Amino acid sequence: MIVTDRLILRRWRRDDILPFHAMGQDAEVMRYLGPPMSIEECVRVRRRMNAIHGNRGHSFWALERRSDRAFIGFCGLMPGTPPIDGQVEVGWRLARSAWGQGLAGEAARATLDWAWEHLSVPGIVAVTVPANHRSRALMERLGMERLRGGDFAHPDHLAGHPLRHQIRYAIARPGHRRPAHG
């Protein structure tokens, strides 16, 4: 568990499913992520995150607001899948009611601090679509840089799909050289 001034990043619980499902039904939240999520998909995500956490000690952790203990999304670290396999990805998704308060940045900074302390990786990556200016701005505030030559076609989307073209950002471990610009 990671605790910040306003947040708790923790393993997922059963009672996270309903607010996670509500978040996954919000078209604005899902705009750059994909179609609305069914309750079954939400249950699978919770199980998958807890299994990955059990195996690796980290995942996209559930994100809870300390003031009222409400589930407001997730943030954390995942092993990358093709085409970013072999890398560690930082990611976040917050309910729209939590937007614009600096909570994603607070959670992501705490996640990166945790990574540098607990993982021996040279850097961390993040991915999004070019149109997701909010996530891109957060990546840049975190000190991440867009990798030239790091764009890729998302394997879950067919040619012409608006979420197919993905861009990659990276940050090097403090004290290491900057990410390569291929």
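Modeller: Let us start with two residues: Phe 60 is buried, and so is Phe 74. Buried means under 20% relative accessible area, exposed over 50%, and partly exposed in between, with a 1.4 Å probe and protein chains only. This is a predicted model, in which local features need pLDDT of at least 70 and side-chain atom pairs count only at pLDDT 80 or more, while totals for chains, interfaces and linings use all residues. Residues are numbered from 1 along each chain as its sequence is written, and side-chain values use heavy atoms, with hydrogens and water left out.

Biologist: How many aromatic pairs does a search of the whole structure find?

Modeller: A pair of aromatic rings is described by the distance of the centres and the angle of the planes. Rings of Phe, Tyr and Trp (its six-membered ring) pair if their centres lie within 6.5 Å; planes under 30 degrees apart count as stacked, over 60 as edge-to-face and the rest as tilted. The search finds 7 such pairs. One of them joins Trp 12 and Phe 71, which is tilted, at 5.4 Å centre to centre with 55° between the planes. Trp 12 is in the loop between S2 and helix H1 (17-24), and Phe 71 is in strand S4, 59 residues apart. Helices (H or I, at least four residues) and strands (E, at least two) are DSSP runs, numbered from the N terminus. Trp 12 and Phe 71 are both buried.

Biologist: Why is the pair of Phe 60 and Phe 74 stacked?

Modeller: The ring centres of Phe 60 and Phe 74 are 5.2 Å apart and the planes are at 10°, so this pair is stacked. Phe 60 belongs to strand S3 and Phe 74 to strand S4, so the pair ties together parts 14 residues apart in sequence. Ring pairs also link Trp 12, Phe 20, Phe 60, Phe 71 and Phe 74 into a cluster.

Biologist: Which residues touch the most other members of the largest nonpolar core?

Modeller: A nonpolar core is a set of buried Ala, Val, Leu, Ile, Met, Phe, Trp, Tyr and Cys residues joined through side-chain atoms within 4.5 Å. The largest one has 33 residues, of which Leu 9, Leu 63, Leu 77, Trp 92, Ile 124 and Met 144 touch the most other members. Among the elements that give two or more residues to this core are strand S3 (60-65) and helix H4 (103-118). H4 gives the most, with 9 residues.
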